[in-house]
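Subject: Structure handover

Hello,

Here is the structure I promised to pass on. My notes follow below it.

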Amino acid sequence: MILSQVDLRAAVDAGDISFTPRLEDRQWGEASVDLRLGFSFTKLEKLPGVTVSVAGGLSALSRAGFFTTKELKPQDEFGDPEKFVLHPGQFILAMTHESIKVPKNLIALIEGRSTYARVGLSMHQTAPWIQPGWSGPIILEMMNNGPLDIALTPLVDRPCQLTFFELKTGLPGDMAYGARPGDAYQDQTHPLVHGKK
């Protein structure tokens, strides 16, 4: 069962689902919520002659030299909102402004919004599911597949939407995301340098 806005608002009011900071009125959809873009953008660097394996996780990528992270400010030196420009063919890891807590009886699906897709912007490559027990912001695996430069503004752009599905049977605590030592992305503060708080 997919939760409607009525169900979602009730779940948030009851404290079952949480968004930090709280959602603005414009973020509520009919059966989903829009998430705002955060201030952090991480680019993987091209390192000629270097091959990595990710079968054991991303620890190899957390070393210096494999990525560059840019933290935008709310305003530039002229008082205008700072923007990140994503060029055609460019891939970037960005974070949602909101941190999300998903209860053990729900699973969420992150998807792009149609307005952004129409200029070639995708939100994730292969990882749309936000697991039961999840806590933290969501990493957006953003790719500009279109022909135009796309300016992205933190807090203004809402490039993705989150839909919640009810599980037939909720998970016990020891099976939910974050319960196992290998659940490295719980409460993440960076897409490549991770660890539990």
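Start with Gln188. It sits in the segment after β12. Is Gln188 buried or exposed? Gln188 is buried, with a relative accessible area of 5%. (Buried means under 20% relative accessible area, exposed over 50%, partly exposed in between, with a 1.4 Å probe and protein chains only.) Setting aside neighbours within four places in sequence, Gln188 is in contact with Met95, Trp134, Pro137, Ile138 and Ile139. Contact here means heavy atoms within 4.5 Å.

A word on the source. This is a predicted model: local features need pLDDT of at least 70, side-chain atom pairs count only at pLDDT 80 or more, and totals for chains, interfaces and linings use all residues. Residues are numbered from 1 along each chain as its sequence is written, and side-chain values use heavy atoms, with hydrogens and water left out.

Next, the overall picture. The chain has two helices and 12 strands. Both are DSSP runs, numbered from the N terminus: helices are H or I with at least four residues, strands are E with at least two. In sequence order the pattern reads α-β-β-β-β-β-β-β-α-β-β-β-β-β. The radius of gyration is 17 Å, close to the 16 Å that the globule rule gives for 197 residues, so the chain is as compact as a globular protein of that length. (The radius is taken over C-alpha atoms; the rule is 2.2 Å times the number of residues to the power 0.38.) Of the 197 residues, 43% count as buried. Among contacts with a separation of 6 or more, 74% are between residues 24 or more positions apart.

Now β12 itself, residues 160-166. Strand β2 (residues 33-35) runs antiparallel to β12, joined by three bridges. Seven bridges join β7 (residues 106-112) to β12, also antiparallel. Two strands pair if DSSP finds at least two bridges between them. Look at Leu162 in β12: it is the bridge partner of Val33 and of Ile110.

Last, Thr153. It lies in the loop between β11 (150-152) and β12. Thr153 is buried, with a relative accessible area of 6%. Which residues does Thr153 touch, not counting those up to four places away in sequence? They are Leu37, Pro81, Glu82 and Lys83. Leu37 is 116 residues from Thr153 along the chain, yet their C-alpha atoms are separated by 7.1 Å. The side chain of Thr153 also makes a polar contact with the side chain of Lys83, at 3.1 Å. (A polar contact is a pair of N or O atoms within 3.5 Å; within protein, one must be able to donate a hydrogen and the other to accept it, and residues adjacent in sequence count only if both atoms are side-chain atoms.)

Best wishes
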